[in-house]
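Let's take a walk through one part of this protein together.

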Amino acid sequence: MEVVHSIEEIRREVRNLRNRSATIGFVPTMGNLHAGHLSLVKDAAASCGAVVVSIYVNPMQFGPTEDFSTYPRTLEQDLELLREAGTITVFQPDDEAMYPHGTTGQTFVEVPLMGEMLCGAARPGHFRGVSTVVARLLNIVQPDLAVFGKKDYQQLAIIRRMVADLAIPVEIVGGETIRAEDGLALSSRNRYLTAEQRRQAPCLYASLLEAAEQVRAGRQAFAQIEQAALQELRGCGFQPDYVSIRRQQDLQPAGAGDRVLVVLAAARLGQARLIDNVEIVL
Ligand code: AMP
């Protein structure tokens, strides 16, 4: 497994891979890898001859009061996991490689509307940071396919839109959410939970399943279903930002005739802000 740091090196490495493999898959991450990330690597390997994984904690997507400085960085352990998963190349750039003009003077990419709603409303500037870094990574690596987790549903939708709007020549694939046995979606931020909060945390997925069940049963009083889920979350000790039933396609609020839906939630529990979602096709 090759681990490279500069744009020049990763481009050279990708050129070499292209001589050996017809297709290159790419999985961008912020490190502190778990089974969710490894599942995306597996998805990429299932349709591509070579897989490139990037590890970069992107400062531009963190707000000034968010956890950039404390975000877990576990590089040696990550590399070990990737070696076992059969990753061929790891791109681990530093800030100088990713932001030669700094994070404020840099050209940015912003997807309107979709980037401002839901988590975008609670975290201003977050999705601008995400789309900008992903656009840059896609231009650096130039993969045929890139895999993003459905766990970050809004992020996946925004990246799909950005790639379509800017005609970036890459196929975007959504990977299924990997969960702990009790239903909690795996996340690097779960480690901010105390033992007691960790016991309460599966309530997030349980509330979403309950809401999804109601929609599947034909209830169309979406606002009431959302309110009930918010109440349930508060009862479990969460401070919810939102629970919202949306259309998968553009994340606009669902109307009575819509059939391809997703119920999304973000909620704070102690130091952690957790997100999750459940897809619904009627
Ligand atoms: P992160 O390192 O948190 O930026 O995540 C990197 C990629 O892994 C993103 O595409 C995430 O959506 C994805 N991911 C994170 N957690 C999970 C999970 N539990 N299941 C599947 N994919 C995930």
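The paragraphs below go from a sheet to the helix beside it, and then to some backbone angles. Please keep in mind that this is a predicted model.

Start with the sheet. Three strands make up an open sheet in the order β7-β8-β9, and their pairing is antiparallel. β7 (239-247) and β9 (272-281) are the edge strands, each with a single partner, so one side of each has no neighbour in the sheet. From one strand to the next, the twist averages 10°. If you look at β8 (residues 260-269), you will find ten bridges joining this strand to β9, with the two running antiparallel.

Now bring the neighbouring helix into view. Helix α10 (residues 222-235) packs on the sheet, where it touches β7 and β8. The direction of α10 makes about 150° with that of β7. This helix has 14 residues and reaches 20 Å from its first C-alpha to its last, close to the 20 Å expected at 1.5 Å a residue.

Which residues of α10 are buried? They are Phe222, Ile225, Glu226, Ala229, Leu230 and Leu233. Looking down the axis of α10, you will see these buried residues fall within an arc of 140°, so they line one face of the helix. Their cover includes α9 (203-216) along with β7 and β8. On the face of α10 turned away from the buried side sit the exposed residues Ala223, Gln224, Gln231 and Gly235. Follow the chain just past the end of α10 and you reach glycine 237, which takes a positive phi of about 95°.

Glutamine 142 is not a glycine, yet its phi is positive, at about 50°. Where does glutamine 142 lie? Its place is in the loop between α6 (126-141) and β5 (145-149). With a relative accessible area of 48%, glutamine 142 is partly exposed, because the exposed class begins over 50%.

Alanine 167 also has a positive phi of about 50° without being a glycine. You can find alanine 167 in the loop between α7 (153-165) and β6 (171-175). Is alanine 167 buried or exposed? Its relative accessibility is 61%, so alanine 167 counts as exposed.

How values were computed. Residues are numbered from 1 along each chain as its sequence is written. This is a predicted model: local features need pLDDT of at least 70, side-chain atom pairs count only at pLDDT 80 or more; totals for chains, interfaces and linings use all residues. Side-chain values use heavy atoms; hydrogens and water are left out. Two strands pair if DSSP finds at least two bridges between them. Helices (H or I, at least four residues) and strands (E, at least two) are DSSP runs, numbered from the N terminus. Axes are lines fitted to C-alpha atoms, for helices over the stretch in contact, and angles run from 0 to 180 degrees between N-to-C directions. Contact means heavy atoms within 4.5 Å. The expected span of a helix is 1.5 Å times one less than its number of residues. Buried means under 20% relative accessible area, exposed over 50%, partly exposed in between (1.4 Å probe, protein chains only). The arc is that of the directions from the helix axis to the C-beta atoms.
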